[in-house]
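Here's a quick tour of one chain and its ligand. Take a look at the model first, then read on.

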Amino acid sequence: MNRINILDDNTANKIAAGEVVERPFSVVKELIENSIDAKAKNIIVEIYEGGQQSIKITDDGIGVHPEDIKIAFMPHATSKISDIEDVFTINTMGFRGEALPSIASVSNTVFKSRTAEFEYGKEISILGGNLEYIKDTGCNVGSSIEVNNLFFNVPARKKFLKSPQRESALITDIVTRLALAHNRISFKLFNNGKNLVTTYASENMMDTIRFIYDKNTCENVINFEEHGDVLSVYGFIGTAELSRGSRNNQSVFVNKRYIKSKLITTAIETAFKSFLMINKFPFFIVFLDIYPEMIDVNVHPTKSEIKFKDERVIFKAVFDVVHKALRDSRINSFKEVQDDFIDVLEKKAEEEKLLQEKIEILEMPIDLKFENSPLNYKVLESSVDSVFEKKIELTTPTQTQSLERKLPSLRVVGQFHNTYIIAEAKEELFLIDQHAAHEKILFEKYRNQIKNMQVMSQLLIIPTVMELSPEDFSTYIENKELFTSTGFGIEVFGDETITIREVPIILGKPDLKNLFLNIIDNLKNMGTGLTVDVKYHKIATIACKAAIKGNDPLSQVEMVRLLEDLSYIEDPFNCPHGRPTIIKMSVNELEKKFKRIQ
Ligand SMILES: Nc1ncnc2c1ncn2[C@@H]1O[C@H](COP(=O)(O)OP(=O)(O)OP(=O)(O)O)[C@@H](O)[C@H]1O
Ligand SMILES: [Mg+2]
């Protein structure tokens, strides 16, 4: 075992300096990394009140030599490097000798440790950076560290902390990532005595994925690996089923260090793009094992970023491996997605043909239809019925609709590309994006219903049961009322599992799981301090987007109805995302374009 040394100023000055401890989760990350470096086989993390009250980490690693225990808390004291050159060849998580002194300066820290060669251990207590005591103690081989009252002497920092649930979710997140990367170590995390994460040491990473995620995740990941002399890239990519509205389920590890890397994320997402048209972020757990000489880990104070010597080589290697894995996997899970897609296309073509026939009949002059063919009349009747049935949500009037017309009375000329309605009024030509318009109508209705606390919900015949990640679950709990007031009937159903029983009628039959997770992701990204109205606005925006389906040939009746509805909403000109719904052109402008006039 290496003894702890203090880095000379020259070396210390070359180490990326800055804030090491930003919030409770950074403490947990640093301490777990110390346990990993100490070759622990079991790491137990216990937090109280999201780590704000206390964080305790116990390991069965090699421990600290009794004479070194005080030195460990001095700045730039480390057993992992002795000069700056070592940074380029290290295979430990730590190297700065900064974590313990930083943590101990903003908390009351008690550290106990014992190595195998001694019968007793040492205990040291530090309060706000000042030594309180050191004493001999009886303890197992290994270390345990307790960090109490974090930021008690830095009120500005404390103020920035989020709710205990949120902080505990961040801690859960980092523990799970570290556990994923270190499948040979058993991890346990408890918050207020409640077990949140348990993994058991295993040689097989798939076991760890099962411990951390669930069975469904295991069934939907594809394993890949490519080993080279200097670089190995391996891990798991998820099928479309696991894609999400945020990048939460993406983990990148370089030499087992969990890092954020735009370069690698982009390489993987680009590889995905050629296979799946999804507006979501793919699931992946990707490991790069690379010669330490090829990277610089000393670029960020929290060690969460890495600099690669040759970024292009890394990008290409990662892209190629993931691309190949996706290509090969098309024979199984990805093929399904493709087949589904082809099915949908074929069905769509059939429907289009049928509808076109109906539209033709509808567009015949009325008297002609009556007089000439009773058969046609029958067809017409049924097509009108089905049209109204289909669009019933679109045309349900609400008392909140404004009575003032915002658009002139429009005459429908036709539909272009199953997407745009062409209409005219007096001297103007109107092009209307039908999906944006429909979405905006729904959005205003829904938002008004929320504002007036009049959201109508429908009971689902088969409730949707969802097992959430701890972070998603805590976001849900924090925003429970928000879901109730926007028309979602949700019950908690055991640990981190919810049952959705009711959804707002106005949304029809949305893809509920995705919609719920999308709302959760957005709430998470919004942070705290925002008004309820901003959150309502966001929920309504996401929900209405989910309620609108893709290209849809519309009948004359439907188009007229849609434009009428659009005329009476508050702002018919923009969709909820701020994009235009209507493009107008006057005869004058048109004539200028044709150079009829100057
Ligand atoms: N759980 C532990 N088990 C054994 N030794 C430990 C443990 N935690 C800390 N140490 C010792 O204390 C030293 C200081 O720890 P500290 O986390 O401050 O620095 P580091 O890990 O060397 O570098 P970094 O600041 O990058 O984390 C370590 O180098 C290690 O020798
Ligand atoms: Mg450390």
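Six bridges tie strand β3 (residues 54–59) to β8, and the two run antiparallel. Strands here are DSSP E runs of at least two residues, helices are H or I runs of at least four, and both are numbered from the N terminus; two strands pair if DSSP finds at least two bridges between them. This is a predicted model, where local features need pLDDT of at least 70, side-chain atom pairs count only at pLDDT 80 or more, and totals for chains, interfaces and linings use all residues. Residues are numbered from 1 along each chain as its sequence is written, while chains are lettered from A and ligands numbered from 1 in the order in which they are written.

β8 pairs with β5 too, again antiparallel:

| Partner of β8 | Bridges | Residue pair |
|---|---|---|
| β3 (residues 54–59) | six | Lys56 with Glu146 |
| β5 (residues 108–114) | seven | Arg114 with Gly142 |

Five of the seven residues of β8 (residues 142–148) are buried, so the strand is largely enclosed by the rest of the structure. Buried means 20 or more other C-beta atoms, placed from the backbone, within 10 Å of the residue's own. Across the 598 residues of the chain, 35% are buried.

Now for ligand 1: 23 residues surround it, the closest being Asn34, Ala38, Thr78, Gly94 and Ala99. To count, a residue needs its C-beta atom, placed from the backbone, within 6 Å. α2 (24–37), β4 (77–78) and α3 (99–104) each supply at least two shell residues, and α2 gives the most, with three.

Technical notes
A residue is buried if 20 or more other C-beta atoms lie within 10 Å of its own, exposed if 12 or fewer, and partly exposed in between; C-beta atoms are placed from the backbone.
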